[in-house]
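Here is a short tour for you to follow with the sequence and the 3D view side by side.

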Amino acid sequence: MLLPVRERAMPQSLFRNQILKALSSEDFALLQPAMRHVELGIKARLEVPYQPIEHVYFPEMGIASVVATMAGGRQSEVGIIGNDGMTGIAVILGQDRSPNETYIQVAGNGWSLPVENLRSVIAESQTLHESLLRYAHAFLVQSSRTALVNGHSKIEERLARWLLMVHDRGEGNKIYLTHEFLATMLGARRPGVTTALQMLEYRGLVHAKRGEITIVDRAGMIDLTHGAYGEEEQRYFGLAPA
């Protein structure tokens, strides 16, 4: 459920969303009047497959998953969005809908902007459009790498990469989610995810209990991925060379 919260007159420097922080002051001023601060509750649907996108969201906290669905209902995550980015890649690229579903998997908050306002501002400012296109490219790089890793890495390597990416976008070392969620995110069966998580815990990399995973040894998890988590995953958080 998306709940509007009391409006705050915040200067741009206090925003945590990296896209909004990086905009020029002129471009930020074009967006700000139409933005509304919202709570992003667990499982809130931000985009419905093949339905017109009405709002884009800039998370400040929390994680949104972009999930693809096959005939028969099998699902797999194709991208994640945290305070590094925004929803609505299709809109940035000139479309009005996506075949994928986007929903909140780690609760948080952020900023909502009507698509009609975004289109109007994109038409007005080429520099804003270029900034959003750079993020769209970054998201597509993430998605392509996810496809590569899903096709060639072991499930424990995929799980470690995914937890690291969520850790990049979160606060603290605790991640709150269920094994069912993890199975969907990795396109795997729940027993396989449970076994992989137990292996990470046995190695002292994480501590897991119902609905909660604590990152214990981040460096060890990076080593475990054998390159599945690399520079592309780190670049947008100042962890890798530009």
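Which residue with a positive phi follows α8? It is G204, and its phi is near 80°. Please keep in mind as you read on that this is a predicted model.

## The chain as a whole

Ten helices and nine strands make up the secondary structure of the chain. Its radius of gyration is 18 Å, close to the 18 Å that the globule rule gives for 242 residues, so the chain is as compact as a globular protein of that length.

Along the principal axes, the C-alpha atoms fill a box of roughly 55 × 40 × 35 Å. Of the 242 residues, 50% count as buried.

Let us go back to the helix that comes before G204. Helix α8 covers residues 190-202, which makes 13 residues. From first C-alpha to last it reaches 18 Å, close to the 18 Å expected at 1.5 Å a residue. Its buried residues are V193, A196, L197, M199 and L200. Viewed down the axis of α8, these buried residues fall within an arc of 155°, so they line one face of the helix.

What does the face turned away from the buried side of α8 carry? There you will find the exposed residues P191, T195 and Y202.

## Helix α5

Helix α5 runs through residues 126-152, and its 27 residues should span 39 Å at 1.5 Å a residue. The end C-alpha atoms of α5 are 39 Å apart, which agrees with that expectation. The buried residues of α5 include L128, L132, Y135, F139 and V149.

## A nonpolar patch on the surface

On the surface, L93, L133 and L140 form a nonpolar patch, and together they have about 250 Å² of accessible area. L93 lies in the loop between α3 (89-92) and β6 (101-114). With a relative accessible area of 45%, L93 is partly exposed.

## Salt bridges

How many salt bridges does the count come to? The count is seven. One of the pairs is D96 with R97, whose side chains meet at 2.9 Å, N to O. D96 counts as partly exposed at 29% relative accessibility, and R97 is partly exposed as well, at 36%.

Another salt bridge joins the side chains of K174 and E212 at 3.2 Å, N to O. K174 lies in strand β7 (residues 174-175) and E212 in strand β9 (residues 212-215), so this pair ties together parts that are 38 residues apart in sequence. K174 counts as partly exposed at 41% relative accessibility, whereas E212 counts as buried at 11%. E212 also forms a salt bridge with K209, the closest N and O atoms being 3.9 Å apart. Through shared partners, K174, K209 and E212 are joined into one network.

Most residues other than glycine have a negative phi. Y50 has a phi near 65° and lies in the loop between β3 (45-47) and β4 (55-69). At 55% relative accessibility, Y50 counts as exposed.

H226 has a positive phi of about 50°, although it is not a glycine. H226 lies in the loop between α9 (218-224) and α10 (231-234). Its relative accessible area is 63%, and H226 is therefore exposed, the cut-off being over 50%.

Technical notes. Residues are numbered from 1 along each chain as its sequence is written. This is a predicted model: local features need pLDDT of at least 70, side-chain atom pairs count only at pLDDT 80 or more; totals for chains, interfaces and linings use all residues. Side-chain values use heavy atoms; hydrogens and water are left out. Patches are made of residues with over 30% relative accessible area and no salt bridge: like charges are joined within 9 Å, nonpolar side chains (Val, Leu, Ile, Met, Phe, Trp, Tyr) within 5 Å. Accessible areas come from the Shrake-Rupley method with a 1.4 Å probe; for residues, only the protein chains shown count as cover. A salt bridge is a side-chain nitrogen of Lys or Arg within 4 Å of a carboxyl oxygen of Asp or Glu. Helices (H or I, at least four residues) and strands (E, at least two) are DSSP runs, numbered from the N terminus. Buried means under 20% relative accessible area, exposed over 50%, partly exposed in between (1.4 Å probe, protein chains only). The expected span of a helix is 1.5 Å times one less than its number of residues. The arc is that of the directions from the helix axis to the C-beta atoms. The radius of gyration is taken over C-alpha atoms; the globule rule is 2.2 Å times the number of residues to the power 0.38.
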